[in-house]
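Reader: I have a sequence and its model open on my screen, and I would like to walk through them with you. Shall we begin?

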Amino acid sequence: MMLSRAKPAVGGAPPAADRRRKKGKKVPQLEELLALRDFTGAIALLEFKQHVGEQEEDADLWIGYSAFHLGDYKRALEEYEALTKQPACNPDVWVNLACTYFFLGMYTQAEQAALKAPKSRLQNRLLFHLAHKFSDEKKLMSSHQNLQDVTEDQLSLASIHYMRSHYQEAIDIYKRILLDNREYLALNVYVALCYYKLDYYDVSQEVLAVYLQQVPDSTIALNLKACNHFRLYNGKAAEAELKNLTDSSSPSFEFGKELIKHNLVVFRGGEGALQILPPLVDVIPEARLNLVIYYLRQDDVQEAYNLIKDLEPTAPQEYILKGVVNAALGQEMGSRDHLKIAQQFFQLVGESASECDTIPGRQCMSSCFFLLRQFGNVLIYLNSVKSYFYNDDTFNFNYAQAKAAMGNFSEAEEVFLLIQSEKIKNDFVYLSWLARCYIMNKKPQLAWKLYLKMETSGESFNLLQLIANDCYKMRQFYYSAKAFDVLERLDSNPEYWEGKRGACVGVFQMILAGREAKETLREVLHLLKSTGNSQVEYIVRIMKKWAKENRVPV
């Protein structure tokens, strides 16, 4: 935002007898420092003049202005509030105070101060932004109608487009202004930021390079370049881009210090998240979202939910994250309500005009249908983005489950085996689906190996049930009998004896049909004898009689 204020009066040449000046060195004038955007120097000069008793016109006003542009909003606030208490207060101070409140996030106070200021384009722009913050569409449209075709107003409109995720509309305004004002190099950063938001990271880099050639130490530009590298390559490449900036002690770095600290946590995969992100939650909007992601990665779903439950989503990323958290909590608690909320959030993003053809939009639709258990539709959307996620374990986990749910067990097995994450490979959902794929693909021995590798637990018991029943269904009676035998030892439920009995008889039938090795009969008899049921003796007698007649050692 530009502050509408007249330039200060330019003083004449200093008297020759001024002994405070060092010989051969000229003390810069205030307007020179402001023109160079050396706001630290401007404040130092003004404070020095106040200290030695020299009067500078509107000195307090310019200290507030310089502090504001340095990002020291608290200092600016002190200066402007003090000025408003003076009897001869310049009315324009109120709009400057309102801008300061705005940048401190004190939006109610900002609106109150702005309404005390005389009508001006700056006041209208500020009220325009406040209406957006308050989600007041009526006031937003009122201020919008008062905007004029001047650069400052059009830049303000572009920023509102950006904040409402209308990135292409913002780009169009910036490019139109750049056509007439090539010297407005900083607009290239805004255009690059819009392309970043549209996932055009290569294009963003090209546009950003124009600005960085002229201003190589810009915090905002270098930070955006690092973010592009993070998306295009990895966290290490992104961190390398910020190294020169963090090593320097330029005022530019001080301005974006909190933003850089926040992004370094992201680039380092969450390292230091609990130390750095909590104080930034109400300072940088993404800090809350990234802290939620950190909690999710630590499997602390409840803490993630507590942090995001009161957030009113306005951007696609916020809707998606709320959906993910509700889905995770719903699965953890067995809550249909949370799963329904998650499904609705995913559907909202996936069907929106701005997101329906993006990768996240299609992932949202696949997640929506996954929760609705409509796996045919899940595969339609996942197939459309599969080429972007070949080595992504989470994608492959969901993709394989959908394949298996549709009965395509051969391809599902291949995708399951692509997964490298030990965390996923130890997940019961992974183990149970992979075991089912093995059984359906006629590899029951591999499913049995999965069970043998597990420690005794509720999950291993459930996997045994799956192996016993699926193998029985697929006429793989030998491994079904082994699974039912272990189940019977663990639980005296008569259904397990019935399952074992049927499986053992099934193995005997397979031997008679020549589809199972005769030597297997010995182990079947051993399994039967481990049960103290009255039916065992009769079944064993028939099997032994056949073995004797066919000279099969048992």
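Author: Happy to! One term before we start: buried means under 20% relative accessible area, and exposed means over 50%. Please also keep in mind that this is a predicted model.

Reader: Thanks! Is I260 buried or exposed?

Author: I260 belongs to helix α16, which covers residues 257-267. Its C-alpha atom is 7.9 Å from that of L242, a residue 18 places away along the chain. The relative accessibility of I260 is 1% and the cut-off is under 20%, so I260 counts as buried.

Reader: Which residues have the most contacts inside the largest nonpolar core?

Author: That core holds 68 residues. A second, separate core has 37 residues, including A158, I160, Y167 and C227. Back in the largest core, the residues with the most contacts are F416, Y430, W448, I467, L521, L528 and M543.

Reader: Which helices do the buried residues of α25 pack against?

Author: Helix α25 spans residues 409-416, and F409, A412, E413, V415 and F416 are buried in it. Viewed down the helix axis, these buried residues fall within an arc of 165°, so they line one face of α25. The partners they pack against are α24 (393-405) and α27 (428-440).

Reader: What is the relative accessible area of E79, and which residues does E79 touch?

Author: E79 is found in helix α4, residues 73-84. With a relative accessible area of 14%, E79 is buried. Not counting residues up to four places away in sequence, the residues that E79 touches are D60, I63 and G64.

Reader: Where are R37 and R373 found?

Author: Most residues other than glycine have a negative phi. R37, however, has a positive phi near 60°, and R373 has a positive phi of about 60°. R37 is exposed at 54% relative accessibility, and R373 is exposed at 62%. As for their places, R37 is in the loop between α1 (30-35) and α2 (39-52), while R373 is in the loop between α22 (359-371) and α23 (375-385).

Reader: How are the rings of F370 and F375 arranged?

Author: The count of aromatic pairs comes to 26. For F370 and F375, the ring centres are 5.2 Å apart and the planes meet at 85°. Planes over 60 degrees apart count as edge-to-face, so this pair is edge-to-face.

Reader: How many disulfides does the structure hold?

Author: A disulfide is a covalent bond between the sulfur atoms of two cysteines. The sulfur closest to that of C99 belongs to C89 and is 14 Å away, too far for a bond. C194 is in no disulfide either, as its nearest cysteine sulfur, in C227, is 14 Å away. The number of disulfides is zero.

Technical notes. Residues numbered from 1 in each chain as written. Predicted model: local features only at pLDDT ≥ 70, side-chain atom pairs only at ≥ 80, totals over all residues. Heavy atoms only, no water. Core = buried A, V, L, I, M, F, W, Y, C linked by side-chain atoms within 4.5 Å. Buried < 20%, exposed > 50% of the residue type's maximum accessible area, 1.4 Å probe, protein only. Helix = DSSP H or I, 4+ residues; strand = E, 2+ residues; numbered from the N terminus. Contact = heavy atoms within 4.5 Å. Phe/Tyr/Trp six-rings, centres within 6.5 Å; stacked < 30°, edge-to-face > 60°. Arc of directions from axis to C-beta. Disulfide = S-S within 2.5 Å.
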